[in-house]
Amino acid sequence: MGSLFRSEEMALCQLFLQSEAAYACVSELGELGLVQFRDLNPDVNAFQRKFVNEVRRCDEMERKLRYLEKEIKKDGIPMLDTGESPEAPQPREMIDLEATFEKLENELREVNQNAEALKRNFLELTELKHILRKTQVFFDEQEGGVNQTTESMTRALITDEARTAGASMGPVQLGFVAGVILRERLPAFERMLWRACRGNVFLRQAMIETPLEDPTNGDQVHKSVFIIFFQGDQLKTRVKKICEGFRATLYPCPEAPADRREMAMGVMTRIEDLNTVLGQTQDHRHRVLVAAAKNLKNWFVKVRKIKAIYHTLNLFNLDVTQKCLIAECWVPLLDIETIQLALRRGTERSGSSVPPILNRMQTFENPPTYNRTNKFTKAFQALIDAYGVASYREMNPAPYTIITFPFLFAVMFGDLGHGAIMALFGLWMIRKEKGLAAQKTDNEIWNIFFGGRYIIFLMGVFSMYTGLIYNDIFSKSLNIFGSHWHLSYNKSTVMENKFLQLSPNGDYEGAPYPFGMDPIWQVAGANKIIFHNAYKMKISIIFGVIHMIFGVVMSWHNHTYFRNRISLLYEFIPQLVFLLLLFFYMVLLMFIKWIKFAATNKKPYSEVCAPSILITFIDMVLFNKPKPPPKDCETYMFIGQHFIQVLFVLVAVGCIPVMLLAKPLLIMQARKQANVQPIAGATSDAEAGGVSNGGSHGGVGGHEEEEELSEIFIHQSIHTIEYVLGSVSHTASYLRLWALSLAHAQLAEVLWTMVLSIGLKQEGPVGGIVLTCVFAFWAILTVGILVLMEGLSAFLHTLRLHWVEFQSKFYKGQGYAFQPFSFDAIIENGAAAAEE
């Protein structure tokens with residue numbers, strides 16, 4: 001089979017590269033992204049490997065680039081992203097890159113330091129300007145009121161002894177300090193001054209209206225100007241210490257008005273000069289960052305590629321001559337020629353004359369799993385890998401999930417209108433995928449939606465189909481072909497009578513509605529739910545049983561591919577027989593009942609004689625005979641039904657000991673005969689996902705340790721019990737298709753009845769306004785609840801049906817993913833980590 005249905009065949013290869021050509025060859029392999037290297041130095045410390053110095057240099061270059069990126073984002077400068085990926089530079093170009101980054105970092109740090117010093121100086125001058133302006137009121141002696149205030153303040157701050165001494169020595173002068181403090185610290189600052197100085201100081205303050213910029217972090221802060229009057233050197237020392245403790249900045253303020261005016265003029269001149277210098281500094285910084293922003297993305301790509309190459313080279317071994325590097329790698333078998341061409345290109349680029357050597361190796365290890373995907377199948381493969389990576393060459397459920405996943409989702413979400421909304425949203429993302437993919441965002445929810453755009457589109461399209469089958473569009477029906485029921489009621493009775501029922505015996509003309517459900521069921525208030533219940537419950541069981549049977553059939557492909565004859569005969573066949581004789585037989589009974597018991601039949605009369613499928617199945621399993629039917633009714637649906645049912649149950653029950661004991665007993669017998677190793681294909685159940693024959697699967701041989709017989713019996717017992725009981729529970733689990741479908745339909749009907757119908761009943765101009773508002777509210781609820789929330793619920797239930805009910809029949813998921821050395825993946829992961 002092709003790689004679509006199974007993972008790619010892999011080969012373990014040994015690679016010999018000349019030391020001079022190793023860098024260029026690994027670079028070519030990184031661009032190709034098809035080689036997974038193994039670490040041949042697992043016991044060597046990361047700091048003791050050959051290329052550790054080169055890796056450290058790359059780390060240092062990345063640090064400098066992150067610093068530049070931070071400064072560019074701080075200034076809001078857009079970074080040029082052409083979407084192209086430059087090639088990995090040659091090793092000799094590292095020196096030029098290091099010099100360029102060093103020059104840019106030093107220049108930028110120097111500019112930032114100068115700008116910070118200038119801003120600090122500007123802040124100090126601005127604060128001094130406000131001090132000179134705000135404190136003018138305390139020193140302006142041209143106004144008499146201020147004179148009286150100063151004299152009264154002086155008398156208050158001077159003690160009686162000082163006043164007596166001052167009378168003989170002349171007038172007493174008060175000292176003062178002026179400064180600036182953060183506005184939120186001012187109340188505590190004032191209380192501390194009052195307590196520490198015992199009320200012998202006088203504080204005046206005024207707010208600075210405009211916020212000031214903190215030069216350290218660029219934040220806007222609010223400050224206030226204060227001036228403190230006091231008497232004596234002791235209080236002066238105390239006041240200065242308090243100012244220092246509250247981180248207030250003190251500035252010299254002349255007492256003479258002429259000196260203050262002269263200082264204010266000098267401060268304004270210096271501020272203007274500083275503004276000019278600051279503008280020139282910012283312009284220079286902006287030019288440096290703009291020039292760096294043009295190349296920053298490419299620089300990041302180059303550095304990450306160089307670092308990835310040297311990380312990979314650290315996985316290699318050196319031969320005894322120290323002139324050749326040896327590597328081991330997993331490669332897809334179909335791509336070996338492509339890889340060899342890439343190695344030749346790398347050798348030619350490096351100028352080496354010694355060609356690289358790529359040899360296939362024999363190994364007993366399980367290869368990695370590689371499923372080749374494209375942009376359409378990638379999302380479906382991600383759903384499968386989220387459950388577990390497939391074992392090597394195991395059947396891949398992804399191709400079948402492309403059909404079954406949106407279909408089972410649509411069974412639960414069947415509504416033509418809601419499906420159209422979802423399909424249009426998915427189609428919009430598909431049409432705009434190139435532009436949307438280029439717009440990288442940190443929004444995780446949007447990334448999930450965009451990654452699953454093809455799943456969303458298919459779910460919407462399938463929901464439109466099932467919506468037509470249910471004849472359901474926003475809880476209403478489409479009367480396309482005309483109803484095939486003829487009612488003998490007038491219009492008012494049909495529209496107003498909540499207890500109206502449709503009688504299939506009298507009102508039905510006999511020919512079915514051409515496509516989907518008849519629209520007349522929309523007005524059948526009494527038995528509409530009953531009819532939908534019966535219909536959707538039965539199709540849920542039918543789809544579920546067919547889905548599970550398909551899963552069991554898929555296990556046959558695994559057994560035949562790995563030549564596991566014992567599992568094929570004593571697991572697959574009993575499992576299939578058990579499922580067919582019990583649950584598929586129940587599905588056949590549904591079809592027989594639909595065909596045989598019609599409302600128009602006179603004998604047997606369907607409403608009385610039609611048996612319950614559930615009761616029939618229970619009686620079948622318990623070997624009970626059905627209860628006597630009403631008069632003129634037949635006991636069984638077909639001739640020999642009781643005998644066939646007893647036979648089916650006996651054979652199905654007989655399959656259980658075969659599944660439980662046959663495989664372990666045969667393995668035990670084979671070991672006794674061989675007394676060395678179990679026969680091929682007869683090891684533990686876990687081998688179903690492994691490799692059993694080396695000759696036909698890429699040269700990889702299967703060599704597993706012999707499992708204890710006790711463990712084989714335990715594993716087989718668990719597997720048998722899980723399958724038998726799971727067949728019952730899994731069949732019932734598919735009833736979620738019925739339950740969610742009914743819930744979705746009822747929610748849509750509630751929204752229509754309780755919201756939109758209110759606006760439709762209004763008339764006149766006011767009715768148009770009310771209808772517009774009501775429609776907007778109804779549309780928001782429809783998209784938010786019925787499309788998003790109900791869609792998410794149906795999506796999760798569909799995922800569970802595939803993971804548990806379907807994949808458990810054949811899928812082990814015990815492998816490990818193929819993780820090739822790829823520049824694209826490394827750069828994408830590096831960019832995502834940088835954004836976080």
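Colleague: In which hand does helix 2 pass helix 10, left or right?

Modeller: The contact involves Glu-54, Val-55, Cys-58 and Asp-59 of helix 2, among others, and residues of helix 10 including Leu-296, Trp-299, Phe-300 and Val-303. The crossing of helix 2 with helix 10 is left-handed.

Colleague: Are helix 1 and helix 10 roughly parallel or roughly perpendicular to each other?

Modeller: The axes of helix 1 (residues 19–32) and helix 10 (residues 296–313) come within 10 Å, at a crossing angle of roughly 110 degrees. Helix 1 passes helix 10 in a right-handed crossing. Angles of 65 to 115 degrees count as roughly perpendicular. The angle of roughly 110 degrees is in that range, so helix 1 and helix 10 are roughly perpendicular.

Colleague: How many charged residues does the contact of helix 1 with helix 10 have?

Modeller: On helix 1 the contact is made by Ala-22, Tyr-23, Val-26, Ser-27 and Glu-31, and on helix 10 by Lys-305, Ile-306, Ile-309, Tyr-310, Thr-312 and Leu-313. By class, seven of these residues are nonpolar and two are polar, and the charged residues number two.

Colleague: How is helix 14 placed relative to helix 26, roughly parallel or roughly perpendicular?

Modeller: The axes of helix 14 (residues 416–431) and helix 26 (residues 764–806) come within 11 Å and cross at roughly 90 degrees. An angle of 65 to 115 degrees counts as roughly perpendicular. Helix 14 is therefore, relative to helix 26, roughly perpendicular.

Colleague: How many charged residues does the contact of helix 14 with helix 26 have?

Modeller: His-418, Ile-421 and Met-422 of helix 14 meet Thr-782, Leu-786 and Val-787 of helix 26. By class, the contact has four nonpolar and two polar residues, while the number of charged residues is none.

Colleague: Which residues does Leu-781 touch, not counting residues up to four places away in sequence?

Modeller: Leu-781 is in helix 26. Between Leu-781 and Val-755 there are 26 positions in sequence and 9.5 Å in space, C-alpha to C-alpha. With residues up to four places away in sequence not counted, Leu-781 touches Leu-751, Val-755 and Leu-786.

Colleague: Which helices do the buried residues of helix 12 pack against?

Modeller: Helix 12 spans residues 377–387, and its buried residues are Thr-377, Ala-379, Phe-380, Gln-381, Leu-383 and Ile-384. These buried residues pack against helix 13 (398–413), helix 16 (444–451), helix 17 and helix 26.

Colleague: Is Asn-471 buried or exposed?

Modeller: Asn-471 is in the loop between helix 17 (453–470) and helix 18 (491–496). Although not a glycine, Asn-471 has a positive phi of about 55 degrees. Phe-474, in the loop between helix 17 and helix 18, also has a positive phi of about 55 degrees without being a glycine. The relative accessible area of Asn-471 is 7%, and the cut-off for burial is under 20%, so Asn-471 is buried.

Colleague: Which residues is Tyr-570 in contact with, leaving aside its neighbours within four places in sequence?

Modeller: Tyr-570 is found in helix 20 (residues 565–596) and counts as partly exposed, at 29% relative accessibility. Tyr-570 and Val-658 are 88 residues apart in sequence, and their C-alpha atoms are 6.3 Å apart in space. Leaving aside neighbours within four places in sequence, the contacts of Tyr-570 are Val-658, Met-659, Ala-662 and Leu-666.

Colleague: What share of the residues of the chain count as buried?

Modeller: The chain has 27 helices and 11 strands. Of its contacts with a separation of 6 or more, 82% are between residues 24 or more positions apart. Of the 836 residues of the chain, the share that count as buried is 44%.

Colleague: Over residues 677–704 the pLDDT is below 50; how many contacts has this stretch in the model, beyond near neighbours in sequence?

Modeller: The mean pLDDT of the chain is 85, and 87% of its residues reach 70 or more. Over residues 153–172 the pLDDT is below 50, and that stretch has 22 contacts beyond near neighbours in sequence. Where pLDDT is low, predicted coordinates should not be read in detail. For residues 677–704, the number of contacts beyond near neighbours in sequence is 69.

Notes:
Residues numbered from 1 in each chain as written. Predicted model: local features only at pLDDT ≥ 70, side-chain atom pairs only at ≥ 80, totals over all residues. Heavy atoms only, no water. Axes fitted to C-alpha atoms, helices over the stretch in contact; angles between N-to-C directions. Helix = DSSP H or I, 4+ residues; strand = E, 2+ residues; numbered from the N terminus. Parallel < 35°, antiparallel > 145°, perpendicular 65-115°, else oblique. Left-handed = near helix turned anticlockwise from the far one by under 90°. Contact = heavy atoms within 4.5 Å. Nonpolar A, V, L, I, M, F, W, Y, C, P; charged D, E, K, R; others polar. pLDDT = per-residue confidence, 0-100. Buried < 20%, exposed > 50% of the residue type's maximum accessible area, 1.4 Å probe, protein only.
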